[in-house]
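Hi there,

Here is the model I promised to pass on.

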Amino acid sequence: MPVIDSTPVTSPPVDVCVAAGTEHPRPDGQDRYTISEVAAYTGLSAPTLRWYEEIGLLPDVERSHNGQRRFGNRDLDWLAFVRRLRLTGMPVADMVHFAQLVKRGEETFDERRQILERTRREVLARMAELQDTVAVLDAKIDFYAGAHQASERA
């Protein structure tokens, strides 16, 4: 009689910074992209991608035998995350620090969580300011619309 191991398999937590979150142009295993393909896919310029690599924001980009950059789906996922960080207004130096923490591994989970929690609080505060700004704009729009209608009746 065969013995079956029924011990549950536990996987380590998957870091959404480097895990697939979107559709990729190519499936894993066939995911080798040139810098121009990545530029077209992400909307980032080739010089920006080179700069990101140079400053450590895009670490460990593979190279072909002749030295050309070869990006993979994990790089696309990372760039999508970096794009989100840029939208939060996070300074580039802080994004580079975050990338260094990711590279160091699981021992930095706490620090990364703290950085993201702080960034989330800052984004929520800015959203509240923007909501207040929208309310002011709406009031002004209503005022000018009413003033225009009043002048047409006069």
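A word on terms before we start: buried means under 20% relative accessible area, exposed means over 50%, and partly exposed is in between (1.4 Å probe, protein chains only). Please keep in mind that this is a predicted model, where local features need pLDDT of at least 70 and side-chain atom pairs count only at pLDDT 80 or more, while totals for chains, interfaces and linings use all residues. Residues are numbered from 1 along each chain as its sequence is written, and side-chain values use heavy atoms, with hydrogens and water left out.

Salt bridges first. I count one when a side-chain nitrogen of Lys or Arg is within 4 Å of a carboxyl oxygen of Asp or Glu, and the structure holds 10 of them. Glu53 pairs with Arg63, with the closest N and O atoms 3.2 Å apart. This links helix α2 to strand β1, 10 residues apart; helices (H or I, at least four residues) and strands (E, at least two) are DSSP runs numbered from the N terminus. Arg63 is partly exposed at 43% relative accessibility, whereas Glu53 counts as buried at 19%. Glu53 also forms a salt bridge with Arg69, at 2.4 Å between the closest N and O atoms. Because Arg69 lies in strand β2 (residues 69-70) and Glu53 in helix α2, this pair ties together parts that are 16 residues apart in sequence.

Another bridge joins Arg32 and Glu62 (3.5 Å, N to O). Arg32 sits in the segment before α1 and Glu62 in strand β1 (residues 62-63), so parts 30 residues apart in sequence are tied together. Asp31 is linked with Arg32 and Glu62 in a network of salt bridges.

Now the interior. Taking contact as heavy atoms within 4.5 Å, Leu58 touches Phe71 and Leu79, among others, not counting residues up to four places away in sequence.

Finally, α4: its buried residues include Met95, Phe98 and Leu101, and their cover includes α2, α3 and α5 (109-153). After α4 comes Gly105, with a positive phi near 105°.

Happy exploring!
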